[in-house]
Amino acid sequence: MDAGGTTTRALVSTLNGERLGQAWAAGANPNTHGPERAGEQLTEAIGTALDRAGAGAREAVAATVIGLAGVSGLREGSVHARMERALVKAGLTPRGEEFLGDDVVAFASGTPEREGTILIAGTGAIATRIEDRRRTRSADGMGWLIGDEGSAFWLGHQAARETARQLGLGGELSPLARSIAKRVIPGQRPNGPDHRPEEHARDFARKLTMGEPISLAEFAPLVGDAHAQGDPAAEVIVNAAAGHLAQSVHQVRIPGERSPVVLAGGVLMGSAPVRAALTRKLTLGTGSAVSRAGCTAGGAAWLAALRAGADEGDAELHSVFTEVDPDEPSDSI
């Protein structure tokens, strides 16, 4: 299972990677949604996947791995107990080793290697060093208020700032600013001799401040769209995002290191301009292999299969487990 902040994916497979049952539910990060709600989503996804796997699936489970966003919350005994109760309710018997970080599972979905770096850039952003399939160091992941540079929130925030700047100038808006202004203050135009452009910009800012700050992440796809139209402001934002994300990766790596880097999350999976700019920065002068995450629930299932005796050196088997299902919900930004 890959239990993220937005979507929870569960997969039941054989040790050969044959998919017997799959299911999806809402996010199950206990830090974001609370342990009660997170536990409910775990039970729903696991239970449904096991039901779809057929009669006797629960009794036949040899190993379970759950990549959990917010896994640090399990340090609190009551939270850990609630998550284990979710497994029991779904029909599993916890062995005390089911939960890993979602970053470990995402890394395993992109490479069969034991060591390297996973960079996740979705609503937030974090780079993690993986050693022996365990997280050892991380950079950023500080949340939207003081960190998450290069994330969907960061992209949306920069785009909103640029839109406010252009509205205040009162001239023709760029494709990026125009698309965001239409979404936030549709149909509004400065009127009359006493309506100055800066007041129009303040109207825009006031409308944004009425909503949740994290909702700025919804503007991130508009940055990529504007970049495709050659918008200079979007190009600056994309390159800056790639620079911040590359810096986070470099913080957890040894200079000259060539272990693989796996990219995951809605920004890096869904925004070709950010991914391309980042890949150029990461490969320049190092030659490190950069790959995209595969099916993250498949990555968790592959790790479970290793625990049950599968050959970790079988690259073809890894590919079978982590192949992306076209019907699987995609990461969003």
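Author: pLDDT is the predictor's confidence in each residue, from 0 to 100. This is a predicted model, and among the elements of the protein helix α1 (residues 30–33) has the lowest mean pLDDT, 86, while helix α10 (residues 232–251) has the highest, 96. For the protein the mean pLDDT is 90, with 95% of its residues reaching 70 or more.

Reader: What makes W144 and F153 an aromatic pair, and why is the pair called tilted?

Author: Ring centres must lie within 6.5 Å, and those of W144 and F153 are 5.5 Å apart, so the two rings count as a pair. Planes under 30 degrees apart would be stacked and those over 60 edge-to-face; the angle here is 55°, and therefore the pair falls among the rest, which are tilted. The structure holds one aromatic pair.

Reader: Why is W144 called partly exposed, and why is F153 called buried?

Author: Buried means under 20% relative accessible area and exposed means over 50%. F153 has 6%, so F153 is buried, whereas W144, with 36%, lies in between and is therefore partly exposed.

Reader: How do you know that strands β7 and β8 pair?

Author: Two strands pair if at least two bridges are found between them, and β7 (residues 125–131) and β8 (residues 134–140) have six, in the antiparallel sense. R129 has R137 in β8 as its bridge partner. The two strands form a hairpin with two residues between them, and D132 in the turn has a positive phi of about 50°.

Reader: What makes β3 and β5 edge strands?

Author: In the open sheet, ordered β3-β2-β1-β4-β5, β3 (19–26) and β5 (99–101) each pair on one side only.

Definitions and conventions:
Residues numbered from 1 in each chain as written. Predicted model: local features only at pLDDT ≥ 70, side-chain atom pairs only at ≥ 80, totals over all residues. Heavy atoms only, no water. Helix = DSSP H or I, 4+ residues; strand = E, 2+ residues; numbered from the N terminus. Phe/Tyr/Trp six-rings, centres within 6.5 Å; stacked < 30°, edge-to-face > 60°. Buried < 20%, exposed > 50% of the residue type's maximum accessible area, 1.4 Å probe, protein only.
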